[in-house]
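I opened my notebook to keep track of what I looked up.

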Amino acid sequence: PSPPAASTGPRARLEADWTFEPVGLNSIRIDGPSLVIQDLPSTAELSVQVQLVKSLRINGKPVDLTAAPADTQFDLSYRRVNVAKLLRVGENKIEVRTDEPKPLPFLPALILWGNFAVDAKRRLIASPKTFALGDWRLQGYPCFCGVGRYRTAVQWPKAPSRLALNTGGYPARVVVNGRECGRRPWGPFEFDLRGTARPGNNEIVVEVAGTIGHLFVPSAAPAVGLLDAWLIG
């Protein structure tokens with residue numbers, strides 16, 4: 001069926017302070033010989049493409065790939081290794097023996113998953129405490145390919161009737177005051193708030209689903225996240 005037409009009534013930008021959390025672990029592909037860590041993550045799991053990687057050493061210590069289980073969370077052609085105890089603050093040396101002369105765009109040899117953010121210099125840092133509307137790739141999640149959950153609390157003198165979002169075209173889900181207002185796989189990303197929004201205090205949760213393209217080719221992928229939000233009615 002065709003998507004519904006967008007509302008034509010007056011709208012006002014939703015001004016609010018948002019928090020952000022990835023549903024699951026953040027990710028970054030490791031294509032170079034080193035990884036700089038400013039804030040050591042407590043969770044760090046490495047997906048290793050065993051068809052490409054003949055051997056692996058992290059900070060001089062060999063990683064036993066034969067004993068590692070298949071990566072059932074990402075791809076069964078990878079093996080998943082807990083590497084949290086092998087990492088350290090500062091520069092981490094990653095030694096990979098492979099027959100490939102350069103990284104393959106759509107088949108990363110190494111993917112790191114964990115509770116970290118990534119700064120503009122591709123260093124691992126602590127997750128941000130607050131989050132602005134906009135592309136989440138610019139706020140610590142340049143290669144994140146899962147669902148991002150935005151949360152805010154607002155006060156309304158009068159309950160609005162609809163919420164409109166700009167997600168960059170990515171699927172979204174909205175929950176207001178604990179009640180789901182709907183899921184949208186495509187635009188217009190508008191959600192009926194009648195019966196859920198109320199005068200006074202309100203909690204809004206918006207989930208946006210990214211794609212694996214942000215992990216494979218992050219520089220070529222389009223903007224993703226809660227880019228903007230408006231109230232209607």
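How much space lies in the largest cavity? I looked it up and found about 40 Å³. This is a predicted model, where local features need pLDDT of at least 70, side-chain atom pairs count only at pLDDT 80 or more, and totals for chains, interfaces and linings use all residues. Residues are numbered from 1 along each chain as its sequence is written, and side-chain values use heavy atoms, with hydrogens and water left out.

**Entry: the cavity**

I noted the terms before going on. On a 1 Å grid over the protein atoms alone, a cavity is a set of points where a 1.4 Å probe fits but cannot get out; a pocket is an open set with protein on both sides within 12 Å along at least five of seven lines; lining residues have an atom within 4 Å of a point. Grid points are joined across faces, edges and corners, and a volume is the space filled by probe spheres set on the points.

I found one cavity of 30 Å³ or more in the structure. I listed the lining of the largest cavity: I30, L35, L46, I58, V83, L87, I94 and L110. I then sorted this lining by class and got eight nonpolar, no polar and no charged residues. (Ala, Val, Leu, Ile, Met, Phe, Trp, Tyr, Cys and Pro count as nonpolar, Asp, Glu, Lys and Arg as charged, and the others, Gly among them, as polar.)

**Entry: L110**

I picked L110 from that lining. L110 lies in strand 11 (residues 110-114). (Strands are DSSP runs of E, at least two residues, numbered from the N terminus.) Is L110 buried or exposed? L110 is buried, with a relative accessible area of 1%. (Buried means under 20% relative accessible area, exposed over 50%, partly exposed in between, with a 1.4 Å probe and protein chains only.)

I also checked contacts, leaving out residues up to four places away in sequence: L110 touches I28, R29, I30, L46, S47, V48, V53, L56, I94 and V96. (Contact means heavy atoms within 4.5 Å.)

The largest pocket has a volume of about 290 Å³. Of its 19 lining residues, D31, V96, T98, P103 and A109 are the closest to its centre. Strand 10 (residues 90-98) gives the most to this lining, with four residues. By class I read twelve nonpolar, two polar and five charged residues.

The second largest pocket holds about 160 Å³ of space. Its lining includes D31, K121, R122 and R123. Strand 3 (26-29) and strand 4 (34-37) are the elements that give two or more residues to it. Strand 4 has the largest share, three residues. By class this lining has four nonpolar, two polar and five charged residues.

**Entry: aromatic rings**

I searched the whole structure and got twelve aromatic pairs. (Rings of Phe, Tyr and Trp, its six-membered ring, pair if their centres lie within 6.5 Å; planes under 30 degrees apart count as stacked, over 60 as edge-to-face and the rest as tilted.) F20 and Y150 form an edge-to-face pair, 5.0 Å centre to centre, with 65 degrees between the planes. F20 lies in strand 2 (residues 19-23) and Y150 in strand 14 (residues 147-156), so the pair ties together parts that are 130 residues apart in sequence. Both F20 and Y150 are buried.

F74 and Y78 also pair edge-to-face, at 5.2 Å centre to centre and 75 degrees between the planes. F74 is partly exposed at 21% relative accessibility, whereas Y78 is buried at 2%.

Which residues form one aromatic cluster? I wrote down W18, F20, F131, W136, Y141, F144 and Y150.

The charged end of R184 sits over the ring of F191, 4.8 Å from its centre. R11 lies over the face of W230, at 5.3 Å from the ring centre. (A charge sits over a ring if NZ of Lys or CZ of Arg is within 6 Å of the ring centre and within 35 degrees of the ring normal.)

**Entry: the backbone**

Most residues other than glycine have a negative phi, and most peptide bonds are trans. The peptide bond from G187 to P188 is cis, with omega near 0 degrees. P188 is in the loop between strand 17 (179-184) and strand 18 (190-192).

R122 is not a glycine, but has a positive phi of about 65 degrees. I placed R122 in the loop between strand 12 (117-118) and strand 13 (124-125). R122 is partly exposed, with a relative accessible area of 39%.
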